[in-house]
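Dear colleague,

I am passing the structure below on to you, together with some notes on what was found in it. Please read the notes with the coordinates open beside them.

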Amino acid sequence: MTEFDARPPTVAVAPAAVAAVVALVPALGSGIGLALGAAGAGLLVFGAQQGTRRFVSLGAATLAVGVVFGAATGLDPAYTLVGGVGTVVAYDAGEHAVSLGVDVGRDARVGQSVLVHVFSTAALSALVAAVTLVVYTFGPRSLPVTALVTLLLGGTLLAYVLRT
């Protein structure tokens with residue numbers, strides 16, 4: 001019998017990597033945003049592969065800052081939301097990968113668990129992003145603060161739902 005390997009299974013890390021690349025879409029409009037986003041994506045994937053939550057969190061935060069810099073170039077809000085959804089899914093998939101590594105080890109068959117978890121997170125994040133975009137698009141135009149409040153409420157709702 002081999003010794004228990006607490007690193008995450010490779011199949012659990014792959015969705016985090018794909019989502020991190022998707023999150024780079026809005027960062028393409030900014031050199032600084034792309035550099036920060038790429039560094040964050042790399043940190044997140046490295047942390048997920050090694051089973052280090054600190055790197056997953058730091059990578060997700062850096063990736064989010066890259067998305068914000070990309071969005072600051074005047075990018076369409078839909079692309080910005082794609083980056084936000086990608087960042088949330090990448091972070092959650094990375095954290096789930098680390099948890100799977102600790103709980104069942106590197107050699108476990110976790111494909112179904114990963115698929116259900118990532119699909120659920122992506123679906124919920126996309127729903128929140130869609131509602132946010134609809135309110136932003138069809139909401140009152142005279143109040144620019146409305147966009148910020150809507151995004152904050154959407155983000156708060158998403159954080160609440162992911163915590164439970």
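Leu151 is partly exposed, because its relative accessible area of 46% falls between the limits for buried (under 20%) and exposed (over 50%), taken with a 1.4 Å probe and protein chains only. The model is a predicted one, in which local features need pLDDT of at least 70 and side-chain atom pairs count only at pLDDT 80 or more, whereas totals for chains, interfaces and linings use all residues. Residues are numbered from 1 along each chain as its sequence is written, and side-chain values use heavy atoms, with hydrogens and water left out.

Leu151 sits in helix 6 (residues 145-163), where helices are DSSP runs of H or I with at least four residues, numbered from the N terminus. Setting aside residues up to four places away in sequence, Leu151 touches Leu81 and Thr132, a contact being heavy atoms within 4.5 Å. Leu151 and Leu81 are 70 residues apart in sequence, and their C-alpha atoms are 9.6 Å apart in space.

Thr132 belongs to helix 5 and counts as buried, since its relative accessibility is 6%. With the same exclusion of residues up to four places away, Thr132 touches Leu81, Thr150, Leu151 and Gly154. A polar atom of the Thr132 side chain also lies 2.8 Å from the backbone oxygen of Val128.

Ser125 is likewise in helix 5 and is buried, because its relative accessibility is 2%. Its side chain reaches the backbone oxygen of Thr121 at 2.8 Å, and, neighbours within four places in sequence aside, Ser125 is in contact with Val85, Val88, Val89 and Leu158.

The buried residues of helix 5 are Val114, Val118, Thr121, Ser125, Val128, Ala129 and Thr132. An α-helix has 3.6 residues a turn, so residues three or four places apart point the same way. The 28 residues of helix 5 (residues 111-138) should span 40 Å at 1.5 Å a residue, which agrees with the 40 Å between its end C-alpha atoms; the expected span is 1.5 Å times one less than the number of residues.

Elsewhere, Val18, Val22, Val25, Tyr79 and Val82 form a nonpolar patch on the surface, with about 400 Å² of accessible area together. Helix 1 (10-23) and helix 4 (77-104) each supply at least two residues of this patch. Val18, which is found in helix 1, is exposed, with a relative accessible area of 54%.

Conventions. Patches are made of residues with over 30% relative accessible area and no salt bridge: like charges are joined within 9 Å, nonpolar side chains (Val, Leu, Ile, Met, Phe, Trp, Tyr) within 5 Å. Accessible areas come from the Shrake-Rupley method with a 1.4 Å probe; for residues, only the protein chains shown count as cover. A salt bridge is a side-chain nitrogen of Lys or Arg within 4 Å of a carboxyl oxygen of Asp or Glu. A polar contact is a pair of N or O atoms within 3.5 Å; within protein, one must be able to donate a hydrogen and the other to accept it, and residues adjacent in sequence count only if both atoms are side-chain atoms.
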